[in-house]
Amino acid sequence: MPEFHPGDWVETAVDWLQTHLGWLFDFINTVLTGLYDGINAVLSGGEPLLLAAIFAVIAFWLRGLLAGVVAFVGFALVDSFGLWGEAMSTLSLVLAAAVITIAIAVPAGIWAARNKAVSTTLRPVLDVMQTMPAFVYLIPGVMFFSVGTTPGLLATIIFSMPPGVRMTELGIRQVDGELVEAAEAFGTSPKHTLTRVQLPLALPTIMAGINQVIMLALSMVVIAGMAGAPGLGERVYAAVTQVQVGLGVESGVAVVILAMYLDRMTGALNARVSPLGRRAAAKASAALGGLRFTRYKPGTAVALCGVVILALVAGGMNIAGTSSDSEAGGSADVGKGKQLNMGYIPWDEGIATSYLWKEVLEQRGYKPNLTQLDAGPLYTSLAQGKTDFQTDAWLPTTHAQYWDKYGSKMEKLGAWYGPTSLELTVPSYVKGVKSLADLKGQGKKFHGKIIGIESSAGEMKILKEKVLKDYGLEGEYKVVSSSTSSMLAELKRSIQKKEPVAVTLWSPHWAYNAYDLTKLKDPKGSFGKGEQLQNVARKGFAKDEPTVASWLKNFKMSEKQLTSLEDKIQSGGKGQEQKAVKDWLKEHPGFVDKMAPVPGGKQKKGKDAGKPVNMGYFPWDEAIATTYLWENVLEDRGYKPNVKQLDPGPLYTAMSQGQMDVQTDSWLPTTHEQYWRKYKSKLTDVGEWYGPTSLELSVPKYVKGIDSLSDLKGKSKEFGGKITGIESSAGEMKVLKKVLKEYGLDKEYKVVSSSTSSMLSEVDRSVKQKKPVVATTWSPHWVYSKYPMKKLKDPKGAWGKGDDIHVTAKKDFEKDFPELYGWMKNFTLSEKDLGSLEAAIQKGGKGKEKESTRKWMDSRPGIVDKLAPVK
């Protein structure tokens, strides 16, 4: 038989849908998320015990006093587990899914009951929906909507819909045909026959279907926790992946309590809404005689009053108790309450660093959301921009498949640990075993076995197929596959008994901090080279969040620090990760400030702090950028800078008269030669900070085959025969005529004089439309940071030599400001940094130059210390 893979067609279809129906998925996402958020806001908005009382009143109304008491005790138990928020999130998911499912299933069931063709068509569809493995529904959900609430809701709706449709159809079909015929004989319309005869009589069966919808929805939202859906499913998934028995039991009990409550309440609701149900309840109550009071249920009005009163009290307490939980304040409030979405794989170092960053970001005023996911959904979410960053990318090998697939939609923010290593380990009290070679001949000491982890783990494959063979240990040792938790349990037991044991381990791992262990050396390199642990973010994160991105880029942890943090978290127990992080940070004072330095905060003051400094600038891009840069730096160092814009002539005159102290944009020896020659004896050349400058023509990088001025010859049609220039009075425009003549372009191209802003507008328009354009530009300029422009080489040197940009000052500047003189004398700025600063100021807009510069500085922690060092 030839191979047949319909899965390939499905993947192709998914890609097509993602490309062409993104708007539809956005709409569905908005509707589903909005419904969930609305329900969750109500259920999570009050005091847990008051909400438990509301649930108890509903149980009292539907089933009686005993049911109300049991319901209250059950929900109080969930609260005592510390799982109230997760339980309400799960209940919100169930209710949101149930509302949508019932709204679709009941009409579909009615239609199927009244139309045989529809019933025949729906039956195989419902078979597929109900028998398809539930996990499969998560895959397209994650592809279309990323991780989170929406894929969980969609999978839940699809999985739980079949019984709603089938039971509705069955209930209507089971209504006695003679009753329907009698209704029709008396002239009842089909519509009224349905609403007044069939639906009331079919209601018990329909309610049974709704009960099954809710039960299946509850079972599915737990599975949806694998795709990042919030609630108890996330906790159960974490317990399974991290082998946390206690957490698993507590989360499981909470799910059982929810399931029992929903099952009993939906079952009892039939007795309230169905005529047959009410009749059966009345007969049962009458049969009790004098014991009728034990089945007492309050009337609907009484129960509703109780619910309303409790809801008002809960809402009032919530409003009264509202306050900011943020620990950030003052200069530490960098985030200003901004939300960041973090994801992590449940590996020890991923858990440790993710909760560490969660705590640090909260201290800095952000609101991070942390979600546990498997590697596949996490990288998919990063690629789709739903998750901002994660800290545990093992590259270049372990996570290579995800990077190869999604690398173009993500960005690396630097390695924070490496290289990692795989190894065999023995307790330090085992003497004479320091390397893998030392294991040979000592099999009896270790009972001939090496305790391994999961058989599917990559380390186990390397150990069995290569390491044992390379060191001649095959036959002497048997590798016992187990699980990571079992391996650690065996290691702990052996250490307690002081018995020899050899286990598979890796670095970094908290076991090295918890126990005194020896990593066995691998002189033959059989385990291979280690990897780097990297921070990886969605595309554009560094641009959107430059401060956080810079913190992540500079983040480092030593093995000792990381393993001690992991050990602290392990000791703290499940659910106490962030508390363990806080305790660890108390033991490592200063770590937060080093990890996430507050931009502009707690700066050292300069020796001349308090002195006013008069700075002048003329409105050239590099002058604006460097002047506002130094204004911010000087303020951080305690100076009092005064900034004033002037034209070059008045500025040089003011400096020569001592009325201005310093300026950063002297183009020497050519452009400003006239001012320097006139006032040289009354000025100070502090030093050059950039050079040489250059004049040039530039084209977008997507224009192929044109890299120098020579390449323009014969290509005028491609550019419409024109070169977009600036002001006709500019010196560059005069030199350009000479340049065109030198390269034989003067008759082929026409230079269109305009203005600098018009030239930049033409570049912007052309780049957006991917059209060729030739423009007059110069370096330094922010155009090279904002647009993909390349400078055309000038092999004949027709443009001439460039200037250097100097800091110049009044004559007594060094005497009056010795500290500042030293800083500015050593000042340099690369073309890349200058261009990005100019681009940031352009993006910020007029009047926000200082603020934009500060934001640029914030993305480069340590720049103040670099420009203005204070001992």
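Visitor: What should I keep in mind about the numbering and the model?

Guide: Residues are numbered from 1 along each chain as its sequence is written, and side-chain values use heavy atoms, with hydrogens and water left out. Because the model is predicted, local features need pLDDT of at least 70 and side-chain atom pairs count only at pLDDT 80 or more, while totals for chains, interfaces and linings use all residues.

Visitor: Which residues touch the most other members of the largest nonpolar core?

Guide: In soluble globular proteins, nonpolar side chains tend to be buried together. A nonpolar core is a set of buried Ala, Val, Leu, Ile, Met, Phe, Trp, Tyr and Cys residues joined through side-chain atoms within 4.5 Å, where buried means under 20% relative accessible area with a 1.4 Å probe, protein chains only. Here the largest has 59 residues, and Phe 55, Phe 75, Trp 84 and Met 88 touch the most other members; helix 5 gives the largest share, 15 residues.

Visitor: How many bridges join strand 15 to strand 18?

Guide: Strands (E, at least two residues) and helices (H or I, at least four) are DSSP runs numbered from the N terminus, and two strands pair if DSSP finds at least two bridges between them. Strand 15 is joined to strand 18 by 5 bridges, antiparallel, with Trp 778 as the bridge partner of Leu 695.

Visitor: Which side chain makes a polar contact with that of Glu 819?

Guide: A polar contact is a pair of N or O atoms within 3.5 Å; within protein, one must be able to donate a hydrogen and the other to accept it, and residues adjacent in sequence count only if both are side-chain atoms. Glu 819, in helix 33, makes one of 2.6 Å with Tyr 639.

Methods:
Buried < 20%, exposed > 50% of the residue type's maximum accessible area, 1.4 Å probe, protein only.
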